[in-house]
Amino acid sequence: RIVARVDAGGLLLPDWSYYLSPSAQVLSVRRDYARYLARVVAAAGRPQPVAEAEAGAVLAFETRMADALRAHTGGPISPRVWSLSEIERAMPGFGWKDWAKPQGLDQAGGIILDYPEFFRAFAALVGSSPPETLAAWLRVRFLTAMAPYLPDALASARFEFFGTTLTGQRAPRERWKRGVSMVSEFLGDAIGRRYVAAHFSDTARRRVRAMVAHMVEAAREGVDDAPWLTPEIRAASERRLATVQAQVGYPDEGRSYAGLRLQPDTLVENL
């Protein structure tokens, strides 16, 4: 069966200790995180008092989630495979089927929840939280994920906290490097086609394929010339050699980007 595996998570800070530790250093990080939450919500257009209220609600929600992570993770990972219906019955409060369907997880042969008791606690937490808090939490997560591609107010807020405060980075990567990485990630096959056109000719590809064919033939001769192999092992080895395929350089048919429309002035929409 093809099954999905779901790990425990949901926090923007690195782990649960950042929400629960009483140390002075962690308390300082938490204060900076609260300021970051309010800053990013305000930068997205919410009035400052609303932004600060939403930041407080998000931090409180994540703190309760961190407490569930502390209580229910860290031990052995559960190997049990659940059906969506079983999860819905055992862990009420969260719309498991509504969550699974857009991701195609409803088509999986089952779902492994690494830490079922955490997910039970998470579902109960969602079911008991105001919808406004859940919306604010999802909004902050989305803005944080998209910040590198949004205006400077959001991009700077994200880097100053997650880059400088948490990891000590002094400056973000150069804009052109981020641009190249983004294009490489999403249009890698198109870039690859341009690369091989310039640097890996059909003649070179044929030479490499011939080299691989010689290697396979040499392996076949080695099998034929090995007197210590039984007839059964020799036949099995030759069958395996017959399945060897040489994938050299690039596929014969590249990925199709039919229907993709890119505009020069709409980075987020392109993404």
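Trainee: Which residues does Leu37 touch, not counting residues up to four places away in sequence?
Mentor: This is a predicted model, in which local features need pLDDT of at least 70, side-chain atom pairs count only at pLDDT 80 or more, and totals for chains, interfaces and linings use all residues. Residues are numbered from 1 along each chain as its sequence is written, and side-chain values use heavy atoms, with hydrogens and water left out. Taking contact as heavy atoms within 4.5 Å, the residues that Leu37 touches are Ala55, Val58, Leu59 and Val140.

Trainee: Which helices do the buried residues of H2 pack against?
Mentor: Helices (H or I, at least four residues) and strands (E, at least two) are DSSP runs, numbered from the N terminus, and buried means under 20% relative accessible area, exposed over 50%, and partly exposed in between, with a 1.4 Å probe and protein chains only. In H2 the buried residues include Tyr33, Tyr36 and Leu37. The buried residues of H2 pack against helix H1 (17–20), helix H3 (48–72), helix H7 (131–146) and helix H8 (152–167).

Trainee: How far apart are the end C-alpha atoms of helix H2?
Mentor: The expected span of a helix is 1.5 Å times one less than its number of residues. The 20 residues of helix H2 (residues 24–43) should therefore span 28 Å, and this agrees with the separation of its end C-alpha atoms, 29 Å.

Trainee: In what order do the three strands form their open sheet?
Mentor: Two strands pair if DSSP finds at least two bridges between them, and two bridges join S2 to strand S3 (residues 111–113), these strands running antiparallel. The edge strands, each pairing on one side only, are strand S1 (4–6) and strand S2 (81–82). The pairing is mixed, and the order is S1-S3-S2.

Trainee: Is Asp114 buried or exposed?
Mentor: Asp114 is placed in the loop between S3 and helix H6 (116–128). Leaving aside neighbours within four places in sequence, its contacts include Arg5, Val6, Asp7 and Phe119, and the C-alpha atoms of Asp114 and Asp7 are separated by 5.3 Å although these residues are 107 apart along the chain. Because its relative accessible area is 1%, Asp114 is buried.

Trainee: Does Gly249 count as buried or exposed?
Mentor: Gly249 lies in the loop between helix H12 (231–242) and helix H13 (267–270). Because its relative accessibility is 62%, Gly249 counts as exposed.

Trainee: What radius of gyration does the protein chain have?
Mentor: The radius of gyration is taken over C-alpha atoms, and the globule rule is 2.2 Å times the number of residues to the power 0.38. A compact globule of 271 residues would have a value near 18 Å, but the protein chain has a radius of gyration of 26 Å.
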